[in-house]
Amino acid sequence: MFTYTRFRTLRLSRRNLEKLRDAGQKTDIEVIGFLYADEDVTPDLIEQTVSSAKVYGRILATPQVKQALMAVEPA
């Protein structure tokens, strides 16, 4: 399992999330600043790859992905 703690900006790309999923891994996300999810990231992919998420700042994503991120258990 991986934990990302980033200050400023964290980008979630479909490619990187699919690599995690295909490896059977999940990630914990902690962001202070800005989280950006590419437009091709789906809520299902978030559910399959993110085990916990805390975002102190702004999330830029489709409404469905934003909702999926907010529904994940906090870290």
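The following legends describe close-up views of a predicted model.

**View 1. Serine 13 in the loop between strand S1 and helix H1.** Serine 13 is placed between strand S1 (2-12) and helix H1 (14-22), and with a relative accessibility of 9% it counts as buried. A polar atom of the serine 13 side chain lies 3.2 Å from the backbone nitrogen of asparagine 16. When residues up to four places away in sequence are left aside, serine 13 touches Asp38 and Val41.

**View 2. The salt bridge between aspartate 38 and arginine 11.** Among the three salt bridges that the structure holds, one joins the side chains of aspartate 38 and arginine 11, with an N to O distance of 2.7 Å. This pair links distant parts of the chain, since aspartate 38 belongs to the loop between strand S2 (27-37) and helix H2 (43-49), whereas arginine 11 belongs to strand S1, 27 residues apart. Aspartate 38 counts as buried at 12% relative accessibility, while arginine 11 is exposed, with a relative accessible area of 53%.

**View 3. The salt bridge between glutamate 18 and arginine 14 in helix H1.** The closest N and O atoms of glutamate 18 and arginine 14 are 2.8 Å apart, and the two residues are separated by four positions, about one turn of the helix. Both glutamate 18, at 22% relative accessibility, and arginine 14, at 29%, count as partly exposed.

**View 4. The salt bridge between aspartate 22 and arginine 21.** Here the side chains meet at an N to O distance of 3.3 Å. Aspartate 22 is exposed, with a relative accessible area of 60%, whereas arginine 21, at 34%, is partly exposed.

Notes:
Residues are numbered from 1 along each chain as its sequence is written. This is a predicted model: local features need pLDDT of at least 70, side-chain atom pairs count only at pLDDT 80 or more; totals for chains, interfaces and linings use all residues. Side-chain values use heavy atoms; hydrogens and water are left out. Buried means under 20% relative accessible area, exposed over 50%, partly exposed in between (1.4 Å probe, protein chains only). A polar contact is a pair of N or O atoms within 3.5 Å; within protein, one must be able to donate a hydrogen and the other to accept it, and residues adjacent in sequence count only if both atoms are side-chain atoms. Contact means heavy atoms within 4.5 Å. A salt bridge is a side-chain nitrogen of Lys or Arg within 4 Å of a carboxyl oxygen of Asp or Glu.
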